[in-house]
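Trainee: Could we take a close look at a single part of this model? I would like to go through it slowly, with the cut-offs spelled out as we meet them.

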Amino acid sequence: MDEFEPKIVGFLCNWCTYAGADLAGTSRMQYPANIRPIRVMCSGSVDSAYILRALLGGADGVLVGGCHPGDCHYVSGNYKARRRITILKEIMKTLGLEDERVRIRWISASEGKRYADTISQMTSDVKKLGPNPVGTFWWV
Amino acid sequence: MAKQILVKVKNKNPGQSVNSLLADLLHKGLLEGILVPQILPSKESVVQTLVTEPEKLKEADVLAPVLPVSSAQIVSDMTRVAASPKPLGLVMRACEIRALVELVKLKQASLENLLIIGVDCLGTYSVRDYADIVSRKEDPIHVLLQGAKEGKEDPYLRSACRVCEYSVPTSSDLIVGLIGLDWEKEVLLKAGSDKGEKILAALNMSSSGTSSQREKMVSQFSQQRMKKRDELFSRTQKEISGWENLSSFFATCINCRNCMTACPICYCKECFFNSSTFEFEPAKYLERTNRKGILKMPTDTLLFHLGRMNHMAVSCVGCGLCEQACPSNIPLLKIFKMVGHQVQEIFEYVPGRNLEEEIPLAVFKEDELQEVGEE
């Protein structure tokens with residue numbers, strides 16, 4: 001049987017993490033092709049509903065990437081994202097919904113290596129978790 | 001100035017005595033109007049009414065154990081555009097007051113010129129159960145008070161009320177107290193703020209005194225309810241844990257969104273889940289279908305409930321009106337109350353406790369939750 005290749009949706013902020021991903025690419029760093037990046041203006045613009053929608057639609061993991069605390073292009077978007085993700089993860093934990101599938105990470109435009117490492121780590125962790133069970137439920 | 005007085009009850013009818021107090025507030029011009037629950041002529045239900053004529057308070061019923069809508073929503077409707085120009089009294093229960101405090105923080109209501117008159121709440125029945133009790137020629141208040149007196153588990157109590165920690169209203173200017181008193185003889189009228197103290201003084205009532213039993217009984221009452229709450233949480237956690245159980249919990253949902261309409265915290269004029277974000281072109285439906293080969297219609301049922309939970313759980317006061325509004329009788333209270341309790345604990349936030357405390361989603365601290373971005 002083929003090895004399970006997780007689908008990971010990445011909401012990457014335009015100013016830091018997306019640029020970090022760009023740097024990883026232009027620096028020819030190797031990392032798994034499991035990430036599906038979506039460029040967003042700020043990690044603070046990612047409503048929990050978008051993350052849930054990805055999971056319910058069959059994503060095996062969701063990564064939100066933002067600027068390091070203190071470095072947000074919009075001053076405080078990442079701090080708000082941090083609270084929002086904390087709440088989402090707590091709700092998922094309370095309902096037994098494998099909150100490990102959702103992550104928020106701070107990766108700056110100069111951290112191509114950190115981006116590649118983050119994707120490698122998350123891909124391997126989600127592989128261990130296995131496919132997202134709700135990914136096959138059509139009745140939700 | 002007396003902070004509390006004991007009001008003598010006539011004809012073993014505490015409700016009537018409270019009504020004459022309210023009438024007094026209007027007569028003396030201390031208030032221009034009062035928002036107060038009133039029994040409908042058919043007796044089948046109780047609705048909130050705004051009263052300016054003291055005579056019209058005769059059928060008011062501040063103790064009627066039923067909650068068709070949260071008065072927090074009514075006050076929001078009345079004061080969202082501008083604060084009340086005249087002093088108004090609001091007769092409300094603890095859960096309604098707590099929801100109102102949240103709405104004020106969300107800038108959906110103004111407390112200016114308003115006097116909150118909180119009434120002790122022993123619990124409420126669903127609108128349907130209340131009407132049933134009336135149709136059997138019984139008096140719901142009598143059923144409730146008698147049950148409470150005998151200390152029996154009331155089979156009609158709404159699930160929210162069975163596990164409610166707040167029998168005594170918080171953030172009130174005046175409190176009408178029943179717990180710990182022999183309410184066939186006397187009720188407590190207590191000031192909860194400077195404003196309330198002034199009103200109490202202006203009422204110029206002689207009989208002052210205290211109830212030695214009250215504090216003990218109130219804390220006993222909350223302890224019992226909290227124990228039941230925690231038992232409910234552990235049962236619920238087992239019942240709904242995991243995607244499979246969660247999806248079967250919501251299996252009978254018909255997407256009517258009554259839960260959102262009835263929720264006092266869900267104030268958005270246009271819910272995100274009704275917005276154009278969720279309007280798709282035909283091609284998008286097919287694209288989504290192709291992922292699993294099949295797509296439930298209407299779509300996104302579980303997404304709506306989980307998304308709504310993410311938006312309002314920090315402010316959930318556990319009133320259970322979502323559950324009362326559900327035409328499919330989905331026991332929503334237990335899941336929303338449990339989730340709310342968990343997320344509120346992270347921020348040590350108690351919705352409705354204090355106007356000064358900011359809603360966790362509206363603020364942040366720089367040096368918090370560092371582990372969330374690292375792990």
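Which domains does the domain assignment of chain B give, and what are their bounds?

Mentor: Happy to. This is a predicted model, in which local features need pLDDT of at least 70 and side-chain atom pairs count only at pLDDT 80 or more, while totals for chains, interfaces and linings use all residues. Residues are numbered from 1 along each chain as its sequence is written, and chains are lettered from A and ligands numbered from 1 in the order in which they are written.

Chain B is assigned domain 1, residues 4-211, and domain 2, residues 244-363; bounds of this kind come from an automatic or database domain assignment. Taken over C-alpha atoms, the centres of domain 1 of chain B and domain 2 of chain B are 29 Å apart.

Now to the sheet. In chain B, seven strands form an open sheet with mixed pairing, in the order β1-β7-β6-β5-β4-β2-β3. Strands (E, at least two residues) and helices (H or I, at least four) are DSSP runs, numbered from the N terminus, and two strands pair if DSSP finds at least two bridges between them. The edges are held by β1 (4-8) and β3 (46-51) of chain B; each has a single partner strand, so one side of each is left without a neighbour in the sheet. On average, neighbouring strands of this sheet are turned by 25° against each other, direction ignored.

β1(B) pairs with β7 (residues 186-191) of chain B in the antiparallel sense, over five bridges, and B:Leu6 has B:Leu188 of β7(B) as its bridge partner. B:Leu188 also stands opposite B:Gly177, and β6(B) and β7(B) are joined by four bridges in the antiparallel sense. With β5(B), in contrast, β6(B) pairs in the parallel sense over three bridges, and there B:Val119 stands opposite B:Val176.

Helix α7 (residues 194-203) of chain B lies across β1, β5 (114-119), β6 (174-177) and β7 of chain B, and runs at about 130° to β7(B). Axes are lines fitted to C-alpha atoms, for helices over the stretch in contact, and angles run from 0 to 180 degrees between N-to-C directions.

Most residues other than glycine have a negative phi, and most peptide bonds are trans. B:Asn11, in the loop between β1 and α1 (14-27) of chain B, has a positive phi of about 50° although it is not a glycine. B:Asn11 counts as exposed because it has 8 C-beta neighbours inside 10 Å. B:Lys107 sits in the loop between α3 and β5 of chain B and has a positive phi of about 60°, again without being a glycine. With 9 C-beta neighbours inside 10 Å, B:Lys107 counts as exposed too.

Finally, the link to domain 2. Between the domains of chain B, 25 residues of domain 1 are in contact with 21 residues of domain 2, contact meaning that the C-beta atoms of two residues, placed from the backbone, lie within 7 Å. On the domain 1 side, α2 (71-79), α3 (94-105) and α6 (159-162) of chain B each give two or more residues. The largest share, nine residues, comes from α3(B). By class, this side has 13 nonpolar, eight polar and four charged residues. For these classes, Ala, Val, Leu, Ile, Met, Phe, Trp, Tyr, Cys and Pro count as nonpolar, Asp, Glu, Lys and Arg as charged, and the others, Gly among them, as polar. In chain B there is also a cis peptide bond, between B:Met297 and B:Pro298, with omega about -15°; B:Pro298 lies in the loop between α11 (282-292) and α12 (301-312) of chain B.

Key:
Buried ≥ 20, exposed ≤ 12 C-beta atoms within 10 Å, placed from the backbone.
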